[in-house]
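Please read them with the model open beside the text.

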Amino acid sequence: RAAEPMVLSSPSSPARITSAQIFFNPDDVAEIQRYGPRAIPTLSKYILDRNSRIERVAIRLLGVIGGPEIVRPLLDVLDKSTSSGSRYEALLNLKQASCTKEVARTILRVSQNDSDAIVGDQAREEVSWCSIESAPH
């Protein structure tokens, strides 16, 4: 089932989006984890979606997958998303990837320049696990 195209906004999708929260069926999360990095291209199609809730579902599922392959889509969110909620989610889910110099530079830039104070504060917290000085490469 994970190999089938995902539609994150349909009633039968693996994520149920309500007005207040996003719920995932644990079996679907386990399946996404088993599918692993092969799910990233499909999830990446929902990055920068006009619907920020759909965008955040994709970001969270990228975090479920984890690993270095999720860095590029999450950095794209930090660089290009107009949704402060999505940028915040991207920062949180970067912890599931590796700290690299590129990640550290992006976190530092967001901590200094993001237009949303909450996102900037979160980025300043993220520097504790990924800074330019601590990044291996």
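1. Asp79 is partly exposed, with a relative accessible area of 40%, where buried means under 20% relative accessible area, exposed over 50%, and partly exposed in between (1.4 Å probe, protein chains only). Asp79 forms a salt bridge with Arg109, the closest N and O atoms being 2.2 Å apart; a salt bridge is here a side-chain nitrogen of Lys or Arg within 4 Å of a carboxyl oxygen of Asp or Glu. The pair links distant parts of the chain, since Arg109 is in helix α6 and Asp79 in helix α4 (residues 71-80), 30 residues apart.

2. As to the basis of these notes, this is a predicted model, in which local features need pLDDT of at least 70 and side-chain atom pairs count only at pLDDT 80 or more, while totals for chains, interfaces and linings use all residues. Residues are numbered from 1 along each chain as its sequence is written, and side-chain values use heavy atoms, with hydrogens and water left out.

3. The secondary structure of the chain comes to seven helices and two strands, in the order β-β-α-α-α-α-α-α-α along the sequence; helices (H or I, at least four residues) and strands (E, at least two) are DSSP runs, numbered from the N terminus. Of the 137 residues in the chain, 47% are buried.

4. Arg109 is partly exposed, because its relative accessibility is 33%. Leaving aside residues up to four places away in sequence, Arg109 touches Asp79 and Asp114, a contact being heavy atoms within 4.5 Å. Asp114, for its part, meets Arg87 in a salt bridge between side chains (2.7 Å, N to O), and this pair joins the loop between α6 and α7 to helix α5, 27 residues apart. Asp114 counts as buried at 17% relative accessibility, and Arg87 is buried at 6%.

5. The structure holds seven salt bridges, and one of them brings together the side chains of Glu89 and Arg60 (2.8 Å, N to O). Glu89 lies in helix α5 and Arg60 in helix α3, so the pair ties together parts that are 29 residues apart in sequence. Arg72, Asp76 and Glu102 are linked in a network of salt bridges.

6. Cys99 lies in the loop between α5 (84-93) and α6 (101-113) and Cys130 in the segment after α7 (117-126), so the pair ties together parts that are 31 residues apart in sequence. Both Cys99 and Cys130 are buried.

7. The buried residues of α7 are Val119, Gly120, Gln122, Ala123 and Glu126. They are on the same side of α7 because they cover an arc of only 160° around the axis, the arc being that of the directions from the helix axis to the C-beta atoms. On the other side of α7, Ala117, Ile118 and Glu125 are exposed, whereas α5 and α6 are among what covers the buried residues.
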